[in-house]
Amino acid sequence: VCALNKVPIIWLELADCSGNSEAFIKSTNPAIEDIIFDYVSLDYHELLMSASGDQSETILEDIITNQKGEYILIVEGAVPLAIDGKYLRIGPKGETGIDLLKKCAKDAALVISVGSCAFDGGVVAAYPNPTGAVGVAQALHRDDIINLSGCPTNPTNIVGTLLSYLMFEELPPLDKFNRPLWAYSGRVHDDCERRGNYELGEFVKEWGDEGAKKGWCLFEMGCKGPYTNVNCPTMKFNGGTSWPVQAGHGCMGCVEMGFFDKFANERKY
Ligand code: SF4
Ligand code: F3S
């Protein structure tokens, strides 16, 4: 891939907190500036682009009209479907999120959903889900959407998937939820640095107790690492600085289907 054939990217933010965009711009390997100067052309990103209002609309219309089948659509955020999608309106014309998504997805070469909200509705779809939020694949009734779940998704997993598609012109092997196996097959519990404490029965019993100070296992404080499959312990966040368990908080299983009601809320469907 050279600077002359950079792939255009449309990055939509639907019902979300921008957490995945925040994580993405902290990509360190390669650095975010290398990605956007050398490999992709991040033409439309509501959080990062300098254009706004009608000017940003013009950019978007230009890509989807003149670069059919060439651009990649990345979607962050859930898709509210209740009352005809009117809980989410975007842009000067007040287009609903679902209409904007359909319009951008129609002629995209590839659609990637980033974050747990785009995966299955995530926190936005948590009980009682008043806006009728769903993930991108469900909203579009498509089974070819690449999912990179996480709250937020590790930027390494976004960049790795994107660059592998650009360099090899094919997608890596995927799991049953269309997530790359290289990122989503290892169990958090198996690569956790506190696993030795788990085996020895050394558990934190209360926040701030002696075990917490010694960095013991967080299973009895609700850690869902044994039920979660992703590469957080090895990839870590912020350029390999840390990850939830290292920071002293148990894993919430944020990459798993329905994680908020199932794990974080301890509510069963
Ligand atoms: Fe497993 Fe969580 Fe304990 Fe780590 S802290 S060993 S992931 S239960
Ligand atoms: Fe999410 Fe657990 Fe990783 S909460 S960020 S999958 S350690």
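Student: Before we start, what counts as a contact between two residues here?
Tutor: Two residues are in contact if their C-beta atoms, placed from the backbone, lie within 7 Å. Keep in mind that this is a predicted model.

Student: How is the protein divided, then?
Tutor: Into two pieces: domain 1 covers 3-182 and domain 2 covers 186-264. Their C-alpha centres are 28 Å apart. On the contact itself, domain 1 puts in 14 residues and domain 2 puts in 13 residues.

Student: What classes of residue are on the domain 1 side of that contact?
Tutor: The side of domain 1 that touches domain 2 has seven polar, five nonpolar and two charged residues.

Student: Switching to the ligands. Which residues come nearest to ligand 1?
Tutor: Cys192, Cys217, Phe219, Cys223 and Gly225, out of 15 residues around ligand 1. Helix H10 (188-191) and helix H11 (195-199) are the elements that give two or more residues to that shell. By class, the shell around ligand 1 has ten nonpolar, three polar and two charged residues.

Student: And which ones come nearest to ligand 2?
Tutor: There are 13 residues around ligand 2, and the nearest are Cys232, Pro244, Cys251, Met252 and Cys254.

Student: How does the shell around ligand 2 divide by class?
Tutor: Ten nonpolar and three polar, with no charged residues.

Student: Let's zoom out. How many helices and strands are there in the protein?
Tutor: The secondary structure comes to 14 helices and nine strands. The radius of gyration is 19 Å, close to the 18 Å from the globule rule for 269 residues, so the protein is as compact as a globular protein of that length.

Student: What does the C-alpha trace span along its principal axes?
Tutor: About 60 × 45 × 30 Å.

Student: How much of the protein counts as buried?
Tutor: Of the 269 residues, 43% count as buried.

Student: Last one: among contacts with a separation of 6 or more, what share comes from residues 24 or more positions apart?
Tutor: Residues 24 or more positions apart account for 68% of those contacts.

Technical notes
Residues numbered from 1 in each chain as written. Chains lettered and ligands numbered in written order. Predicted model: local features only at pLDDT ≥ 70, side-chain atom pairs only at ≥ 80, totals over all residues. Near = placed C-beta within 6 Å. Nonpolar A, V, L, I, M, F, W, Y, C, P; charged D, E, K, R; others polar. Domains from an automatic or database assignment. Helix = DSSP H or I, 4+ residues; strand = E, 2+ residues; numbered from the N terminus. Rg over C-alpha atoms; globule rule 2.2 N^0.38 Å. Buried ≥ 20, exposed ≤ 12 C-beta atoms within 10 Å, placed from the backbone.
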